[in-house]
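Subject: Structure handover and notes

Dear colleague,

Please find the structure below, followed by my notes on what was found in it. I have kept to computed features and given the cut-offs as each term comes up.

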Amino acid sequence: MSAVASPRRHVLLPWTVQEREDPVLVCDRAEGVYFWDRQGKRYLDFLSQLFNCNLGHGNRRVIEAIQRQADKVCCVSPQLLTEERIALSAALAERTPGDLNTCFFVNSGSEADDQAFILARLVTGRPKIFSKYRSYHGTTFGTLGVGGDPRRAAIEPGPPGTVRFFDPYCYRCDFNLRYPECRLHCLDALERQLQLENPATVAAIVVEPVTGAAGGFPLPDGYLTRLRQLCDRYGILLIADEVITGFGRTGAWFGVDHEGIVPDMMVFAKGLTSGYVPMGAVVVNDRIAQHFQTRMLPLGSTYAAHPLACAAAFACLEEYDRLQLIPNAQRMGALLRDRLRELANRHPCVGDVRGQGLLWCLELVQDRDSKAPLVPPNTDSLLPLHIRRRAWDEGIHLMARGSLILLAPPLIITAEQVQEGVEKLDRVLSWVDAQR
Ligand SMILES: Cc1ncc(COP(=O)(O)O)c(C=O)c1O
């Protein structure tokens, strides 16, 4: 492609003030855990692009599976089956826990969450969806307005029937308590809130097993188990948004596996195809699947279960197994955790280090004792943009958002590459220290 004077002249970039994005990084090619810009500069991809490229770049088996499928057939109505659709849904059902056996395919995480919320309403006949304040479930009207992330301001008032509850955000507990002495008081508060809302009006509660860009914190031990019990007590469906946490990201196939609970629906995207072709899915339990055997399922989209995406997803599942990426995510995740804790000791700007597997978050503060956030909530600060640019200068790709730095390298990462990333991050944090 020929070079153009201003690369973003004809493009609106997401989640940004357009004019702030000069210069913009133009990605040219990628291989393994690295990508290169048009000037030939190399970047260590410590974010798997956007938490999605779990297999790393240029995986030959996935690429060849897509190529073979392209030769065979590209366009198939979502109302028909193909061998690959059948095989992929069976392979997913095999890996998902309990009786999560039936897949409804879509094209993105937003669409998958959106459809899961509608399915919950259809199955229960109840109107409300409960979600955490620090959560992000997508960019459509039906998901942006359910997630609690400040980005929801764009469409407020959001979908009717949305109710938000306080998170188990232990670093800044909303109840001023400490885990584990708190005995998960936040769940007692949630139960009280459900009672006041009338639980018979609540269709579903949605949670991310590790909150992604909206907070970067794992749910504390025991939380999901008690949340499952709470949902059962009131006949409420539990939706696990595994868009980031699915497919090995946290060192298990799925985030809920760490607690051994079975939600009623799991929502997938990102790692499902490792980002090679867009795809999302809602995997539902037998009760929900049964509901639609005799009733209309009034949902669907033209590109659902696209043949190229099915081919990519099936090849990805095989690669997660063949390359033993889940054990690798555990090993490399433990190494990354230890190195990040060492960094935190040396850099006063780091208030908290938290995460699971290969999904980590540094929360930045002005002062560790007061925990004053580096970027006060809901303020329009240029600092995160500058941190991201600084990281690019160092040759590392990460997410800087508000006071958070989020890290999610590909699951194929080696110990040497973890070390390389930590050294680059060390220099970025020295720069942040100097800004306070
Ligand atoms: C937890 C979670 N849910 C849903 C989404 C939306 O997925 P997508 O961007 O594929 O629409 C995201 C995106 O980052 C996410 O992190």
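Helices (H or I, at least four residues) and strands (E, at least two) are taken here as DSSP runs, numbered from the N terminus. This is a predicted model, in which local features need pLDDT of at least 70 and side-chain atom pairs count only at pLDDT 80 or more, while totals for chains, interfaces and linings use all residues. Residues are numbered from 1 along each chain as its sequence is written.

The ligand shell may be of use to you to begin with. The largest share of the shell around the ligand, three residues, is supplied by helix α4 (residues 109-124). In total, 15 residues surround the ligand, and the closest of them are Ser108, Gly109, Ser110, Gly138 and Val243; a residue is near a molecule or strand if its C-beta atom, placed from the backbone, lies within 6 Å of it. By type, the shell holds five nonpolar, seven polar and three charged residues, where Ala, Val, Leu, Ile, Met, Phe, Trp, Tyr, Cys and Pro count as nonpolar, Asp, Glu, Lys and Arg as charged, and the others, Gly among them, as polar.

As for the overall fold, the protein chain has twelve helices and 16 strands. Its radius of gyration is 21 Å, close to the 22 Å that the globule rule gives for 436 residues, so the chain is as compact as a globular protein of that length; the radius is taken over C-alpha atoms, and the rule is 2.2 Å times the number of residues to the power 0.38. The C-alpha atoms fill a box of roughly 60 × 60 × 40 Å, taken along the principal axes. Buried residues make up 48% of the 436 residues, a residue being buried if 20 or more other C-beta atoms lie within 10 Å of its own, exposed if 12 or fewer, and partly exposed in between, with C-beta atoms placed from the backbone.

The chain is divided into domain 1 (18-55 + 324-435) and domain 2 (60-322), with bounds that come from an automatic or database domain assignment. Across the boundary, 28 residues of domain 1 are in contact with 26 residues of domain 2, contact meaning that the C-beta atoms of two residues, placed from the backbone, lie within 7 Å. On the side of domain 1 that touches domain 2, α10 gives the most, with five residues, and the residues of that side divide into 14 nonpolar, nine polar and five charged. The centres of the two domains, taken over C-alpha atoms, are separated by 25 Å.

Gly56 is found in the loop between α1 (48-51) and α2 (60-72), and it is buried because 23 other C-beta atoms lie within 10 Å. Leaving aside neighbours within four places in sequence, Gly56 is in contact with Gly32, Val33, Pro410 and Ile412.

Some backbone details deserve a check before you set up any calculation. The peptide bond from Asp22 to Pro23 is cis, with omega near 0 degrees, and Pro23 is found in the segment before β1 (27-31). The peptide bond from Glu156 to Pro157 is also cis, with omega near 0 degrees, and Pro157 sits in the loop between α5 (141-144) and β6 (162-165). In helix α1, Gln49 has phi near 60 degrees, a positive value in a residue other than glycine, and counts as partly exposed, with 18 C-beta neighbours inside 10 Å.

Best regards
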